[in-house]
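Reader: I have a two-chain model open and would like some practice in reading it. Could we go through it feature by feature?

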Amino acid sequence: MYRLHHLLTPNLANRRFARFLERHPRLYRWFTAAEKQAKGSAFGCRMCGQCALPATGYACPMTCPKQLRNGPCGGVSATGTCEVYPDQQCVWVAAYERAEQEGRVQDLTLLQRPIDHREWGKSSWVNYWQGRDDDLWTPDDGLTRTHLVLTDLSSSNGRPNT
Amino acid sequence: MDMTPSDTTPASEGRLHTALRTGRFAVTAEIGPPRGADAGAIADKAEILRDWVDAANITDNQGSHTRLASWAGSILAMRSGVEPVMQLTTRDRNRIALQSDLISASAVGIPNVLMLSGDHPSFGDHPEAMPVFDLDSVQLIWAAKLMRDQGRLLSGKPVKPAPRWLIGAVENPFAPPLRFRAQRMGKKVAAGAEFIQTQFVFDLEIFTRWMAEVADLGLEQRCGVIAGVGPIRSVRAMEFMQSKVPGIQIPDQVVRRMRGVAAEQVAAEGMGLCVETIQALRQTTGVAGVHVMAFGHERVVPELLERAGIPSRTASAIGTGVDDDAR
């Protein structure tokens, strides 16, 4: 999974492709539908448009009934099942196990910023290639910083509502 | 301290903040608001707890059951002389309403807020309700710190004057993935949590291991760890906690101990166990206090604390020298 991700890393080609798609609404819709199909079957993707998978052990946090993006709630059962769906494994238990196997537990300590609900249904790949997802999470666990930037107060990244 | 609801001056340092800052063993408890429009219910519970706790949590529609609001309960608790910890869950409100409640809490003088995701609506009396969860607990704590320390909303708009309260959070050291729980507390500390209350400690072994991991990360130096405790009142109550309340884990030896005594002895045995747990927690390095949860049995809290050797707050306030436990 982590290796496959390299194919998606933003570069000049896919950035241009993303811009092209956004100029052609019908192509954008087809592309988004294909993304939904692929990520839906692989990860249960809900199309929040702001993909956190690379930092969550490829377990989709939006499939959590509380859509928690920063780790598990306190209601996980002793056997690791969800408090809402007792027959299902907690998304974050799956995330932790996978991250641990891959030596990526530190990813889970990064702080995930609040999402923009206007992005639901949009292509997260296009957003990613366009650099809009650069600030979805912090660069480190923040414990050594005095100020952890939650929101760009100069409001230039287009996320904060003005 | 004059903390009537009409007092609009920002809260000065509260009792809980002082305890955590000075290293005096902190005691918090819980007041669950009533379902009815009954101010007296809060006053009655506050009356029992007043001399014994630094602060009491006012729960926010606990268990997803509709009850009197935590902000109103907090004001009522202050009227009765109990410092509130206003709980705020992300279950029922989006970021607009959450930030609004945080500003309001400071304006009426509520000195402590505690933020958590909250039980899912499916557990409550309105299982058909829309679960909101616009923010998660880490994001809400982060937003609170932004509001207080930088005087800004998530939108970037200024908040003047900025709110002032102590920022609290929760953690469950007993829920999988166990090895991630200290790091998860670390995320809350990085976001701005200054004290953390834990789920019921029935399993001291797991708790001690978690506490050691917390200390490895240096978190207990930056954030007061207040361990959750509470008495088991009956076998039925124990079974309810195990099966109906998410996240509470009771180890086999405790279950055996409670089942091993006659039915009329269970409450006394539960009290004894809770006293022993508090005593053990006081000896555990890094534990800054205890959070006593005795929902519906608030009257036993003073006895529990007294038997555990924790003097009433009035005794410590007049400096009897009884309260000598430093962290």
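Reader: What share of the 162 residues in chain A is buried?

Author: A residue is called buried if 20 or more other C-beta atoms lie within 10 Å of its own, exposed if 12 or fewer, and partly exposed in between, with C-beta atoms placed from the backbone. In chain A, buried residues make up 36% of the 162. For chain B, the share is 51% of 327 residues. Bear in mind that this is a predicted model, in which local features need pLDDT of at least 70 and side-chain atom pairs count only at pLDDT 80 or more, while totals for chains, interfaces and linings use all residues. Residues are numbered from 1 along each chain as its sequence is written, and chains are lettered from A and ligands numbered from 1 in the order in which they are written.

Reader: Which elements does chain A contain, and how many?

Author: Helices (H or I, at least four residues) and strands (E, at least two) are DSSP runs, numbered from the N terminus. Chain A has 6 helices and 0 strands, whereas chain B has 12 helices and 8 strands.

Reader: What does the radius of gyration say about each chain?

Author: The radius is taken over C-alpha atoms, and the globule rule is 2.2 Å times the number of residues to the power 0.38. Chain A has 17 Å, close to the 15 Å from the rule for 162 residues, so chain A is as compact as a globular protein of that length. The C-alpha trace of chain A spans about 50 × 40 × 30 Å along its principal axes. For the 327 residues of chain B, a compact globule would have a radius near 20 Å, and the 19 Å of chain B agrees. Its C-alpha trace spans about 60 × 50 × 45 Å along the principal axes.

Reader: How many residues does each chain bring to the contact between A and B?

Author: Two residues are in contact if their C-beta atoms, placed from the backbone, lie within 7 Å. Chain A and chain B bring 35 residues each. On the side of chain B, helices H5 (137-150) and H6 (181-191) each supply at least two residues, and H6(B) gives the largest share, 7 residues. That side has 17 nonpolar, 12 polar and 6 charged residues; Ala, Val, Leu, Ile, Met, Phe, Trp, Tyr, Cys and Pro count as nonpolar, Asp, Glu, Lys and Arg as charged, and the others, Gly among them, as polar.

Reader: Is H6(B) mostly covered or open?

Author: Mostly covered: 11 of the 11 residues of H6(B) are buried. They pack against H5, strand E5 (166-171), strand E6 (195-200) and helix H7 (204-216) of chain B. After H6(B) comes B:Gly192, with a positive phi near 140 degrees.

Reader: At what angle do H2(B) and H3(B) pack?

Author: Two packed helices are described by the angle between their axes and the distance between the axes. Axes are lines fitted to C-alpha atoms, for helices over the stretch in contact, and angles run from 0 to 180 degrees between N-to-C directions. Helices H2 (39-49) and H3 (70-79) of chain B pack at about 50 degrees, with axes 9 Å apart. The pair is therefore oblique: under 35 degrees counts as roughly parallel, over 145 as roughly antiparallel, 65 to 115 as roughly perpendicular, and the rest as oblique. B:Ala39, B:Ile42, B:Ala43 and B:Ala46 of H2(B) meet B:Gly73, B:Leu76 and B:Ala77 of H3(B). By class, this contact has 6 nonpolar, 1 polar and no charged residues.
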